[in-house]
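Reader: I have not seen this one before. Can you walk me through it?

Author: Here it is.

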Amino acid sequence: MLGRKISAVRMMESLDRLTLVQAAEAISRGEVRSETLTEQALLRLASIGPELNCVVAIYADQAREAAKLADRQRSRGQALGLLHGVPLAHKDIFYRAGYLSEGGSKIRRGFMASETATVLKRLDSAGALDLGRLQMAEFALSPTGYNEHNGHVLNPWKLDHVPGGSSSGSGAAVASRLVYASLGTDTGGSIRHPAAMCGLTGVKPTWSRVSRAAAMALSWTLDCVGPLARTARDCARIMRVIAGQDANDPTSAQGPVPDYEAALVGDLRGVTIAVPRTYYFDYVSVEVASCLDQALSVLRSRGATLIDTKAPDMTLINSMMHVIMTTEAATIHRTWLKQRPQDYAPQVRQRIEPGLYYPATRYLEALSLRTNLTKEWLSVAMAGADLVFLPTLSIAVPSIKETTTGEPAEIAAKIGVITHCTRGINYLGLPSVSVPAGFVQDCPVGFQLVGRPFSEALILRAADAFQLDTNWHEAVPRIAS
Amino acid sequence: MSISTSLLVEFATDFQFTTICDERVVSIRELIAQSNAVIAHAAEQRLVLDDNPASYACWAAKLAQSE
């Protein structure tokens with residue numbers, strides 16, 4: 001078994017070490033009270049949260065009331081949801097009626113939502129508790145988690161390093177065991193980066209699988225909502241709750257939602273995994289490559305067949321992603337860009353501005369070619385296999401200093417390396433899970449498993465099978481102890 | 001492909017009703033021109049009359065049903 005010797009962690013058997021599924025089952029069996037887990041989470045959010053700068057707001061009174069109610073419902077024998085009484089907190093991008101939702105920005109400071117995001121309603125219906133809002137990159141526009149207005153979220157594994165973004169607070173909070181899971185959003189890697197950099201499992205679903213209604217948009221064509229949690233099984237449970245058609249999101253897919261947990265059968269016999277050796281491995285460091293090779297060995301030992309493939313023209317796919325992301329973001333932000341340009345961090349404003357210059361024909365061409373290019377990617381990179389294995393981040397987790405100092409072009413180049421393996425997947429609309437696979441320079445490493453559209457059950461099955469033979473996902477940073 | 005800086009500034013100011021400083025326009029000009037050229041070329045080579053900007057969701061759903 002790999003990963004047993006993790007010097008930086010303590011394996012404590014305590015309530016905050018439970019996975020989300022274990023916590024939900026312990027509550028439903030009456031082995032632990034929701035109030036107990038909630039008090040513990042509130043304490044940790046209030047004590048460790050500020051050390052990592054990962055919390056925006058805590059709803060302590062509401063959470064305590066909800067936990068009491070959850071315990072009463074259980075003791076009365078009422079039917080319980082899949083997440084009954086489990087304390088969660090989410091990226092500050094989802095609206096909840098009557099609560100602030102500020103998107104990590106100065107511009108939306110004080111914005112009070114008048115409606116509730118469908119994903120939050122679905123979590124509420126499943127019995128989950130919402131303990132508060134978590135930090136994020138300004139307007140979800142940084143793969144490092146950069147936030148000039150609210151300060152940087154710190155990586156719980158190495159405090160002077162980035163946690164990954166844009167769902168930076170979600171990554172730091174779940175990794176340091178403040179809550180059992182968190183929803184994030186992913187437009188170019190914003191769930192997968194913090195998952196990889198903080199040692200978590202994170203799912204970017206197929207575009208349209210999960211409703212984006214009443215979640216602040218960055219790019220309608222690319223945005224996806226998904227979970228960051230400790231295990232693939234945890235993600236499977238959340239996906240079952242949040243996925244599915246939504247009348248409030250006309251882009252949401254109509255297909256049935258599978259029982260993702262039922263798909264976690266533990267082996268990969270009959271599953272072929274492609275490894276595109278061009279493009280995606282261009283920047284992979286020797287140390288990261290070693291972790292990825294070990295991960296491939298585990299997948300093979302679980303029954304998967306591995307084949308080498310190559311990537312198609314990724315310059316083309318990345319250009320398509322860029323025109324769509326920037327044009328849609330510039331459309332959303334145009335009024336603020338005009339009226340309040342000084343209220344954006346320059347690094348953030350500069351990522352949106354190119355969208356003001358693309359001709360409409362380029363934008364529509366990029367949309368029109370999406371099917372064609374996705375077919376080609378599946379044909380070349382997947383080449384008849386069932387899944388594609390990619391690094392999530394090619395290099396060791398960078399320090400905050402490395403990603404904030406230097407000329408704008410230098411910083412843009414560093415950001416380009418960070419998103420090298422993730423951003424194209426958003427244009428292709430494919431589902432991807434990032435899975436912890438070791439440590440390099442005391443920070444986590446992750447790999448991605450990418451599937452065909454709506455194959456979330458298969459990517460989760462493979463991630464879960466991998467986690468049966470490894471314990472990287474159980475590692476806990478010292479700050480959480 | 002070349003787009004002059006002055007044209008870009010004029011475009012952004014007149015059509016987007018927002019102003020970006022000349023220095024910034026210069027710095028992103030190359031990126032815009034590059035992506036523009038890549039996409040335009042791909043469209044010329046690959047786009048057919050029946051391709052539709054909204055076709056992706058339909059194709060992805062059909063693919064999922066067929067498997």
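Reader: Which residue in β11(A) does Pro436(A) stand opposite?

Author: Pro436(A) stands opposite Gly446(A) in β11(A). This is a predicted model, in which local features need pLDDT of at least 70 and side-chain atom pairs count only at pLDDT 80 or more, while totals for chains, interfaces and linings use all residues. Residues are numbered from 1 along each chain as its sequence is written, and chains are lettered from A and ligands numbered from 1 in the order in which they are written.

Reader: What counts as a strand, and as a pair?

Author: Helices (H or I, at least four residues) and strands (E, at least two) are DSSP runs, numbered from the N terminus. Two strands pair if DSSP finds at least two bridges between them.

Reader: How many bridges join β10(A) to β11(A)?

Author: Seven, and the two strands run antiparallel. Strand β10 of chain A covers residues 432-440. In their hairpin, two residues lie between the strands, and Gln441(A) has a positive phi near 50°.

Reader: Is β11(A) buried or exposed?

Author: Strand β11 of chain A, residues 443-450, is mostly covered, with eight of its eight residues buried. Buried means 20 or more other C-beta atoms within 10 Å of the residue's own; exposed means 12 or fewer, partly exposed is in between, and C-beta atoms are placed from the backbone.

Reader: What else does β11(A) pair with?

Author: Strand β9 (residues 387-391) of chain A, in the antiparallel sense over four bridges. There, Val388(A) has Val450(A) as its bridge partner.

Reader: Which sheet are these in, and in what order?

Author: An open sheet of eight strands with mixed pairing, in the order β4-β6-β5-β10-β11-β9-β7-β8 of chain A. β4 (181-186) and β8 (305-309) of chain A are at the edges with a single partner strand each, so one side of each has no neighbour in the sheet.

Reader: Which helix packs on it?

Author: One of them is α7 (residues 232-242) of chain A, touching β4, β5, β6 (224-229) and β10 of chain A. Its direction makes about 145° with that of β6(A). Contact means C-beta atoms, placed from the backbone, within 7 Å. Axes are lines fitted to C-alpha atoms, for helices over the stretch in contact, and angles run from 0 to 180 degrees between N-to-C directions.

Reader: Changing topic: which residues of α3(A) are buried?

Author: Ala63(A), Ala66(A), Ala67(A), Ala70(A) and Asp71(A) are buried in α3(A). Down the axis of α3(A), the buried residues fall within an arc of 140°, so they line one face of the helix. That arc is taken from the directions from the helix axis to the C-beta atoms.

Reader: And what is on the other side of α3(A)?

Author: Asp61(A), Arg72(A) and Ser75(A), which are exposed.

Reader: What covers the buried residues?

Author: The cover of α3(A) includes α2 (34-52), β2 (87-91) and β3 (129-134) of chain A.

Reader: Where do β2(A) and β3(A) belong, then?

Author: They are in an open sheet of three strands, ordered β1-β3-β2 in chain A, with mixed pairing. β2(A) and β3(A) pair in the parallel sense over four bridges. The bridge partner of Lys91(A) in β3(A) is Leu134(A). α3(A) packs on this sheet, touching β1, β2 and β3 of chain A.

Reader: How many helices and strands does chain A have?

Author: Chain A has 16 helices and 11 strands. Of its 481 residues, 61% count as buried.

Conventions:
Contact = placed C-beta atoms within 7 Å.
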